[in-house]
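Trainee: Could we walk through this model together? I would like to ask about its record, its strands and its ligand.

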Amino acid sequence: MVIAAVGQICSTASMSANLAQCQVLVQKAVAAGAKALFLPEASDYIGSSAAESVSLARSVQESEFVLGLQKEAKNSKLPINVGIHEPAQGGTKLKNTLIWIDENGEIVQRYQKLHLFDVEIKDGPILKESASVEKGSEILPPFETPVGRVGLAICFDLRFPEISLALKRQNAQIITYPSAFTVPTGTAHWESLLRARAIETQSYVIAAAQAGPHNEKRRSYGHSLIVNPWGEVVARLGDEFSEPQIATADIDLSLVAKVRAEMPLLRRTDVYPEV
Ligand SMILES: O=C(O)CNC(=O)[C@H](CS)NC(=O)CCC(=O)C(=O)O
């Protein structure tokens, strides 16, 4: 068994303050004996407008946030999965990406969010991610890590089971959903969707969440979770945002194998398409 840590922060437009929050979480994860730390979507910053978000984006070679976390990973020998922004080609948009920094501080995997969050909910959030973000175009194959074989997805991707099913078919044992869910949609759907993805893929689901007010206009739901392949919540945080927090869980890969062996989910791909 190995311990995984899920981290919860409240990012603002200040990259240095956000890095400081993540540094606290690295120390907490190391103290808890974790072998990997999972951080939320957009940990580097959350801007108060599309224009501000685009103007803050830096390449990983020039991002004080990413360089700082690489140093932390290397010094602590702790792999870190973290959501960031990167400038897209042309300079008018950015990419919403998720990187895996290994225990040597190297960026070894990168996934670009496939589904963008464009919503107009009456009395609820109005957000148009596609105005400032370029969508990704591929599912990243799962890769080996000290906590198991990890498949990457981000936030709103959670609502599209095709990605998690494809990752499971490619042998993922853990699926990540780093997020910055809105409060109304999180209240209604967050835990149900995460548990459903864990149950139907018979995988661990690790979902690090942004929590609390990022600026005057925007607030996130929090409630970071780790769910086991039987659908049980094995680590949970609340909506706290006053200080960065972690929760940890044992990742038991023999449980993944047991659940899959006891209840094989054999797809009828002769009837519906395989994803
Ligand atoms: O804006 C940034 O910098 C970081 N990106 C986000 O916070 C994204 C796009 S606005 N948030 C979501 O996808 C929330 C999804 C959600 O809440 C749901 O599916 O219900």
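Mentor: Residues are numbered from 1 along each chain as its sequence is written. This is a predicted model: local features need pLDDT of at least 70, side-chain atom pairs count only at pLDDT 80 or more, and totals for chains, interfaces and linings use all residues.

Trainee: In β17, what is the bridge partner of Gly7?

Mentor: Strands here are DSSP E runs of at least two residues and helices are H or I runs of at least four, numbered from the N terminus. Two strands pair if DSSP finds at least two bridges between them, and β1 (residues 2-8) and β17 run antiparallel with 7 bridges. Within β17, Gly7 is partnered by Ile246.

Trainee: Is Cys22 buried or exposed?

Mentor: Cys22 sits in helix α1 (residues 15-31). A residue is buried if 20 or more other C-beta atoms, placed from the backbone, lie within 10 Å of its own, exposed if 12 or fewer, and partly exposed in between. Because Cys22 has 23 C-beta neighbours inside 10 Å, it counts as buried.

Trainee: How many residues surround the ligand?

Mentor: A residue is near a molecule or strand if its C-beta atom, placed from the backbone, lies within 6 Å of it. The closest are Ala42, Phe117, Phe156, Ala180 and Thr185, and the number surrounding the ligand is 15.
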